[in-house]
Structures are given as structure tokens and as C-alpha cells.
Amino acid sequence: MGRSRVRAPELRGRRWLNTGGAELSLAELRGKIVLLDFWTFCCINCLHVLDELRELEQRHADVLVTIGVHSPKFVHEADPDAVEAAVERYAVHHPVLDDPELVTWDAYAARAWPTLVVVDPAGYVVAQLSGEGHAHGLDVLVEELVAEHEAAGTLRRGDGPYVAPPEPATALRFPGKVVALPGGTFLVSDTAHHQLVELEPDLVTERRRIGTGERGLSDAPARFSEPQGLLLLPEPVAAAAGYDVVVADTVNHALRGLRLADGAVTTLAGTGEQLRTRVEVGAGAGELSSPWDLAWWQDRVVVAMAGSHQLWSFDPATGVLTVLAGTTNEGLRDGPRADAFLAQPSGLATGPDATLWVADAETSALRAVAPAPAAGAEVATAVGQGLFDFGFRDGPADQALLQHPLGVAVLPDSSVALADTYNGAVRRYDPATRTVGTLARDLREPSDVVVDGEHLVVVESAAHRLVRVPIPASTRVDAGAHRVRRARTDLSPGALALRIDFTPPTGQHLDTRFGDPTSLTVAASPPGLLAAGTGTAPGLDRALRFAADGPGEGVLQVSVAAAACDDGDGVFAACHRYQQDWGIPVRLVDGAPAELVLDLRAVHEG
């Protein structure tokens, strides 16, 4: 395969992790295939890629060096302690460059999280890919590069530069969610230990652990993989189902059932493989995608399916699992459940008025789903501005700001408490006055809250503990507003040609026998930025037009999906789904380019 000679820019940032303190350079990695993974720890798609790469890294350990380039979206993600904790939390077993100022991100012209860049043993960029689902194509590309450079004598085999950090020792490790049990104890998902732990009311003393602690998917012995959400079923439902607690087994992409009497675990849904197809509202699938939290609503289990930006519904009586709300497009759009955009929903709670409250993490928003039997569930935004606006501000809900909330609970007065994770706070939204206040501050990544009498039990995830916080009167906070820090792309006013660059891996092709296997969605923020070209349609090209009397800058929101099938297997060929969402800050400048090219899977050829 011929490729253009594009020299890889040097790797520059604040510091290196997982190298034993050593700084790395591309020069000293010459002879190795280098895979740069531009990621940020808020991003569920980035976490999927970390898991996808594990097998690839092991299989090619003597020739492939993976380097994570941590490129923060949120202000909290630029904190050095938070980056270090995330590398441990998500079991990142390769070197990581901490790049808080996005120096290396800009040098490689990355536009989306995650972005993958392949550098060959001679130090040249040979491929740039966006989104997840590229493991197979990367495997093929690495094999091709190995053959090419081994024949040329430019491949160097041997160990890579990864140095494992010291093993931490705490009773809990990055706990995720908690639920109160009938006897006064609490069940917590000990996420990084891949276990569930029942704690006494003091929140410290362990009554028992469930799960071996080894990452895996099995019922006997019970194995989990980074479990998160927990739901205690209503007693009659539990008695009929044969289990008491539903567990969102996040990285296993599964729902599990736990019987409290003897600790028996049953797999309820999911195969262990991540869902990679788009599932419409009302339809179902055998695979799931990073279930993160659970709630009981309208006689069903609601699942916050963070990986597909949707809410799903599970019936314990029948085992049927279907999509409740969300299109799979990542964003903030209200309306009927089949049209609504969500963005990594990560916390759920129900109120006495049957409202389902959703902590929508990536839009830093609190969303509400109201039961409407005649029209289906309607999705509305209580607090939040969109994918790129966040901060720490109390006051009227339409001006208040959150930062990546992960947990939600309904208080006795029907107001809503939020684990405002990246602000290190517990916030309160009052639906009656539509105002936001702050209940507690200076917490370390609170990820869940549950009401316990006159207190809240808070999962302080980055402190590896649970704490009680009294429910006080709110205090006013205004620590400012923020927007995602990324360079704007200058584009010409008027017509714009949008093109998605996608080259299927060797051995695959875009199969058009049953129609166009691609889907392109375009939107703008503010909506008045574009006069034409929005909406969803097949294809990888779109003619857009900026509004002549519209704003001079904004954000283009682009979502793409493409299915490529293996060659030579006829109707039964295996197909692979590639998808990505971009939010491109743009500025309209006379004389700037009138074309925008985004790389879904771009292989550079010479």
C-alpha cells in the first residue's frame, strides 16, 4: 500500500505517565509502529477504544507502542491529579502524554475524541481515524506495516517503554454507584475492583463482597467488569424474577441480576460484546453498549445506555429490552423520545410525579422524561446549554451551569440532587422555582447520591469512599462559565462542501447491494448558522450553506456512520460499523476554505 510521506510531529505536553518518569520522543521510538490515541476521560467512546485496543496491544506487543495523548474537554480533566487517577481508574497499560494545552492535539489536527493516528517505523503518519470500532482495521494495518518494514529492515522488535505504576491499596477503588438495602446496609459498585460490596450503615465496615475481583463475564463464579449502576427491584417484582438487584455491568455491556439471600448472580441481558448498530426507539437488540445506571419507572427498569446515548427499557418479567428514548446522536435536543438527542446519560432517578430525571453527562445537563401515554415519553432539559458549555453557576435554571454530572436523586421535597462530578459538588434543582443551588462542595468526583433520612450518601469516587452529607439550605455559587477549548476552523461564508474521508480496511468494502450503508447527520449551534444542509441522509458528502444573515461563528455538529463488509463471503459477509460525532467550532472568514474534510478512517496514500 503506497502512502504519502507525512512526518509525524513531535509529542509535547506537560508530563508523561506510565513511563517511570522518563520522557519519550518519536526519535527513540523509531523502528516501532506507534499508535497515538487522543482521548479524554469523560468520553465514553474513548473508554470503548481503550478496551478495543487491549487485545491489539497484547497481540503486537513486540512491534506496537500505544501512546495515549490525554487531551481534555472539561476544565476538571486538565487537573494533573484527575488525569493520573483516570489512567489508573481505566487500567491504561501504556504510556500517556498529559497534554492539557492541546499542543500535540493541535499538531496532529485532531478534531474529535477519540482520534487514532498510526505512525510507521520510519516516523511517518500513515493513517488517521476517528471514533470507535477500528480494532479490526488497525490489526490489518499493523500486519501490513510489519511485513513492509521487516522486509526493508526498518522494524525493531522488543519491549516497549511502558512502566507499570505502584499498585494502590484502598478498600474501595473508584466506587461508582450505591443503593440502600432494606436492612439498613448499602450496596456499592466497587468499580475498579470489579466487585459489589455490601457496607454496614457506617459506610466503612464490609459485610460481604460479591464477585471474584477478576475482570470477566461469568455467573458462577461471579465476575464483573467495571460495574456501575444498581437498582433494588420492588419486592413483588423481585420475588417473581428470582433476583433482587439489577446491576449495570458496564464494560461487559450486560445487565446482571443479584439475589441478596445467597449472593447468586445471573446474566439478564447482553452478550459481552458491544452493540455497534443503531437501534430505533421501540426496537431491541441482543447486545448493549455501556449501561451506566438504572431506575424503576413505569413498571420497567430504565437503563441509561451511555455508550449509545440512549435510554432503554427492560422488563424483568419477560426479559424484553427495547429502546425508550434517543436517536443515538450525541447532543442536546428535546422533544418526542424518537427525536431526542442525549449525550452519555449516566444517572437516573424517579420522582413522586413520575418524572424520570437523567444526569446527561456530556452536555452537563439535567434532563427530564415525562410520561405521556398518548404520545410516548417526552424529553426536556431542566438545566444545561449543550455539548460545549459548562461551568459552576447557581441561579435561574436557564443560566445555571454544571460540569459532567454522573448521579441524580430526588429529595424529600421533590427537588433534585445532582452529583456534579467534575465540579466536585452536590447541586440541587428546584422544579417549582426552576433554580439551581449548591448543597456541598470540595468533594472528589462525586458519582452518585442517595437519600438517607436527613442526609445524602455520596459516592466520592476519586477519594475511594462513601460519605454522608447533611441536606442544608442551598448556598449561591458562581465560579464562571467555560466553553470547550479548541481552535476554531476558518471557513468561507456561503457554500461549504462537507466530505467524510473513509477508506475501508484491506479485505472490506462498502456493500451497496441493499442500499447506501452510510448515514450523515448535520446540525448547527446556533441553528441559524446554517441555511441549508442540515438533517440526516445517506452519503459521505453534503452540500451546506451558511446563512447570509446568520452568526459569524458557531459549532457544526456532524455525525456519521458507515458499514463495511468483509470481501468474498456473499450475502453472509461479516459487516463492521464505523461511527463518529464531531463538534467543529467554526468561524466565517472571507477567503477561507469552502471545503471541510473530516477523517473517519483516512489512509494516506502516495
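What you see is a predicted model, in which local features need pLDDT of at least 70 and side-chain atom pairs count only at pLDDT 80 or more, while totals for chains, interfaces and linings use all residues. Residues are numbered from 1 along each chain as its sequence is written, and side-chain values use heavy atoms, with hydrogens and water left out.

I begin with the chain as a whole. It contains five helices and 44 strands; these are DSSP runs numbered from the N terminus, H or I of at least four residues for helices and E of at least two for strands. The radius of gyration is 24 Å, close to the 25 Å that the globule rule gives for 606 residues, so the chain is as compact as a globular protein of that length. That radius is taken over C-alpha atoms, and the rule is 2.2 Å times the number of residues to the power 0.38. Along the principal axes, the C-alpha trace spans about 70 × 60 × 50 Å.

Of the 606 residues, 58% count as buried. Buried means under 20% relative accessible area, exposed over 50%, and partly exposed in between, with a 1.4 Å probe and protein chains only.

I turn now to charge. The chain carries 50 positive and 80 negative side chains, and the centres of the two sets lie 3 Å apart. Here Lys and Arg count as positive and Asp and Glu as negative, leaving out His and the chain ends; each charge is placed at NZ of Lys, CZ of Arg, CG of Asp or CD of Glu.

How many salt bridges does a search of the whole structure find? The search finds 37, a salt bridge being a side-chain nitrogen of Lys or Arg within 4 Å of a carboxyl oxygen of Asp or Glu.

Asp139 and Arg59 meet at 3.3 Å, N to O. This pair links helix 4 (residues 135–152), which holds Asp139, with helix 1 (residues 44–59), which holds Arg59, across 80 residues. Asp139 is buried at 18%, whereas Arg59 is partly exposed at 40%.

Arg208 pairs with Glu198, with the closest N and O atoms 2.8 Å apart. Arg208 lies in strand 11 (residues 206–210) and Glu198 in strand 10 (residues 195–199). Glu198 is buried at 6%, and Arg208 is partly exposed at 23%.

Finally, Arg14, Arg15, Glu84 and Asp98 are linked in a network of salt bridges.
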